[in-house]
There are 2 protein chains.
Amino acid sequence: MSGLTPDRLSLNTATLREQWNLAQCIEGCARHGFGGIAPWRDKLQEMGVSQAARAIRDAGLRVSGLCRGGWFTASGAVDQAVIDDNRRAVDEALEIGAECLVMVVGGLPTASRDLPAAWKLVEEGLARTLDYGRETGMKIAIEPLHPMYAGDRACVNTMRQALDICDRLGPGIGCAVDVYHVWWDHELAGQIARAGKDRVMAFHICDWLVPTRDLLTDRGMMGDGVIDIPYLRGLVEAEGFDGLNEVEIFSALDWWTRDPDEVMQTIIERARTVC
Amino acid sequence: MSGLTPDRLSLNTATLREQWNLAQCIEGCARHGFGGIAPWRDKLQEMGVSQAARAIRDAGLRVSGLCRGGWFTASGAVDQAVIDDNRRAVDEALEIGAECLVMVVGGLPTASRDLPAAWKLVEEGLARTLDYGRETGMKIAIEPLHPMYAGDRACVNTMRQALDICDRLGPGIGCAVDVYHVWWDHELAGQIARAGKDRVMAFHICDWLVPTRDLLTDRGMMGDGVIDIPYLRGLVEAEGFDGLNEVEIFSALDWWTRDPDEVMQTIIERARTVC
């Protein structure tokens, strides 16, 4: 498989969250020839949704996803506040022309150890957000997070679990496949095939470092870790996935401390050589 | 469910690895009324296997498992050295009367990103060790490790994956269920039922801390984290598991720094109140 050219890449703004605001990310993506961008909501709101939408359009960038809806479990009930916030997320995704709204579903409620109860909250919240997504034409993409985040970030942790939910909820909902979260899974190939083109809604890349020094902010640049990215990309492309390869690297100790243009150039180089 | 009395507990020696050698662990378990012990091989060899076996027998302790065989992937081939080492582990397990030999199967070979190849090595190594386990009457228990260890410690990461291997290899091999590694898995209840009494060979307890500050050495004391231990214990006991509850806590920042008798007393108290 040949490597990726920059027009096949999308910059998830978390990758440069310490260096660039959204306007700078948009400008940087255009200047480096990226095909798209995937904003986080905090940066989007800081810039203003309408202004961001215009700037992204003017730059000719696709929006591979909006990060993120979800967080259904925090209060221990799917209350109106979380439903409203997810509706706003759908609206924002629509306004910037995002290809999907990425859902980080939430972990255990505060002081709870009841994982089955959390799963129930998550499915209820997803169902209600999906209703609005169908009304408005926005795709909802569950991002299964690595099992090390089950307690505090997302209690949907495998493609199988996410697809079981998708099967129950019907059309309009699928998965965001992030190699960092799913690379270890012995069922991955089968579950990506099960998902198929319609339900592989996004593909995120970075790398798993050995050793990993922090559970949250020590992701690696592609090529610096142990994930076989070409193999995983081959799996989603075999199903017909033709979206952008979204680069999402949380890296407090390394990439967040570097010159942002150096980071962009490194991404381009690694996409060409190791992805 | 009522809590656990000390006679239902086994001390995995890793819990006090910085404070006590094996002779001290044996004496401490007897003095605190524990039902058993689970030595690591380094401590066992340091004491001498025959002497340890005698001391454990004299103390009236069961041996819930020997930690650990496995590590089949390190060199990139299942060579004679690793097979011999696993045969020695079986012999040691027999000599101390262990109820099973716990297998930590190994992660990716050095400089490899080929997980399917690692899985193949693991299955070959397990099959060959199982042959010897059957000859000698020692049960082989695959310990699925948390997915965050797939790169460097074990590329078998779920009960489903372990049981798929067991199904292929036949009788004499099963699982060590450690709550720390498997608590997040939405399939856990079903897979423990699938395992059944014969294949749930060990049950390890500790807790998952939120936040977790280190991937390897920040496990929690039961009750300090988010794992619903009584629920998980109920799942294995519903299948007929009647082995000991083995306490295995890696805790560089906390429990390894404390007075060992305080740790033992805390384990006893927590076993009674939150397990």
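Reply: Two residues are in contact if their C-beta atoms, placed from the backbone, lie within 7 Å. The model discussed here is predicted.

Me: Is Glu246(B) buried or exposed?
Reply: A residue is buried if 20 or more other C-beta atoms lie within 10 Å of its own. Glu246(B) has 26 C-beta neighbours inside 10 Å, and therefore counts as buried.

Me: Which strands of chain A stand at the edges of the sheet?
Reply: Nine strands of chain A form an open sheet with parallel pairing, in the order β3-β2-β1-β9-β8-β7-β6-β5-β4. Each edge strand has a single partner strand, so one side of each is left without a neighbour in the sheet. The strands at the edges are β3 (62-63) and β4 of chain A.

Me: What is the bridge partner of Leu11(A) in β2(A)?
Reply: Strand β1 (residues 9-12) and strand β2 (residues 36-38) of chain A run parallel and are joined by three bridges. In β2(A), the residue paired with Leu11(A) is Ile37(A).

Me: What angle does the direction of helix α8 of chain A make with that of β7(A)?
Reply: Helix α6 (residues 159-169) of chain A packs on the sheet, touching β6 (140-142) and β7 (173-178) of chain A, and its direction makes about 165° with that of β7(A). Helix α8 (residues 188-199) of chain A also packs on the sheet, where it touches β7 and β8 (200-205) of chain A. For helix α8 of chain A, the angle with β7(A) is about 110°.

Me: Which residue in β5(A) stands opposite Leu66(A)?
Reply: Strand β4 (residues 66-70) of chain A is mostly covered, with five of its five residues buried. Four bridges join β4(A) to strand β5 (residues 101-104) of chain A, and the two run parallel. Together with helix α4 (residues 80-95) of chain A, these strands make a right-handed β-α-β unit. The residue of β5(A) opposite Leu66(A) is Leu101(A).

Me: What is the phi of Trp71(A) near?
Reply: Most residues other than glycine have a negative phi. Trp71(A), in the loop between β4 and α4 of chain A, counts as buried because it has 20 C-beta neighbours inside 10 Å. Its phi is positive, near 50°.

Me: Where is Pro211(A) placed, at the end of the cis peptide bond from Val210(A)?
Reply: Most peptide bonds are trans. The bond from Val210(A) to Pro211(A) is cis, with omega near 0°. Pro211(A) is in the loop between β8 and α9 (229-238) of chain A.

Me: What relation is described by the rotation that superposes chain B on chain A?
Reply: The contact takes 23 residues from chain B and 23 residues from chain A. A rotation of 180° with 0.0 Å of shift along its axis superposes chain B on chain A, with an RMSD of 0.0 Å. That relation is therefore the one of a two-fold axis.

Key: Residues are numbered from 1 along each chain as its sequence is written. Chains are lettered from A and ligands numbered from 1 in the order in which they are written. This is a predicted model: local features need pLDDT of at least 70, side-chain atom pairs count only at pLDDT 80 or more; totals for chains, interfaces and linings use all residues. A residue is buried if 20 or more other C-beta atoms lie within 10 Å of its own, exposed if 12 or fewer, and partly exposed in between; C-beta atoms are placed from the backbone. Two strands pair if DSSP finds at least two bridges between them. A crossover is right-handed if, with the strands pointing away from the viewer, the path from the first strand over the helix to the second runs clockwise. Copies are superposed by least squares on the C-alpha atoms of residues with pLDDT of at least 70 in both. Axes are lines fitted to C-alpha atoms, for helices over the stretch in contact, and angles run from 0 to 180 degrees between N-to-C directions.
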